[in-house]
Amino acid sequence: MNATILIVDDDFMNREILQAHMNNAGYDVLTANNGNAALQVMKTQVPDLVLMDVRMPGMNGYELCAYLKAQPETRHLPVLLMTAMDDEENLANVKAAGADGFISKPFNAKDIRASIVRLLGL
């Protein structure tokens with residue numbers, strides 16, 4: 001059984017590129033364009049890992065990550081955040097939200113796949 005990755009990004013092209021990379025790596029992929037949409041997707045299927053952008057309208061990546069980590073049914077879920085803002089404040093926010101990993105944008109598909117393998121223990 002393939003691991004399922006939920007990609008959450010408000011940028012359509014980022015979602016498409018990430019989905020293609022994850023499909024090529026053998027993962028099943030779910031997508032959402034913001035945090036609230038991700039919660040709706042997760043009502044029908046809980047993924048094995050969430051890969052999401054930090055800056056999104058509505059519920060941002062920090063908020064969604066913190067919410068997921070606070071829920072008994074999703075606190076075990078690995079969350080990998082992506083952001084172009086890799087300054088100290090944002091890195092502190094990544095940690096405070098409870099994220100399991102962090103990827104800088106522009107992203108490198110090889111680095112994302114390596115992080116996913118590490119987080120899923122594959």
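Helices (H or I, at least four residues) and strands (E, at least two) are DSSP runs, numbered from the N terminus. The model is a predicted one, where local features need pLDDT of at least 70 and side-chain atom pairs count only at pLDDT 80 or more, while totals for chains, interfaces and linings use all residues. Residues are numbered from 1 along each chain as its sequence is written, and side-chain values use heavy atoms, with hydrogens and water left out.

Helix α3 spans residues 61–70, and G61, Y62, L64, C65, L68 and K69 are buried in it. Buried here means under 20% relative accessible area, exposed over 50%, and partly exposed in between (1.4 Å probe, protein chains only). Looking down the axis of α3, these buried residues fall within an arc of 165°, so they line one face of the helix. The arc is taken from the directions from the helix axis to the C-beta atoms. That buried set packs against α2 (35–44), β3 (49–53), β4 (79–83) and α4 (88–97), with contact meaning heavy atoms within 4.5 Å.

K69 is worth a look of its own. Its relative accessible area is 19%, so K69 counts as buried. Leaving out residues up to four places away in sequence, K69 touches R75, L77, P78, V79, A97, G98 and D100. Its side chain makes a polar contact with the side chain of D100 at 2.7 Å, and a polar atom of that K69 side chain lies 3.4 Å from the backbone oxygen of R75.

Helix α2 comes next. At its start, a side-chain oxygen of N34 gets to within 3.0 Å of the backbone nitrogen of N36. In α2, G35, A38, L39, V41 and M42 are buried. They cover an arc of only 160° around the axis, which puts them on the same side of α2. The face turned away from that buried side carries K43 and T44, both exposed. The cover over the buried residues of α2 includes β1, β2 (28–32) and α3.

As for strand β1 (residues 4–8), T4 is found there. T4 counts as buried because its relative accessibility is 6%.

Technical notes. Polar contact = N/O pair within 3.5 Å; in protein donor to acceptor, adjacent residues only side chain to side chain.
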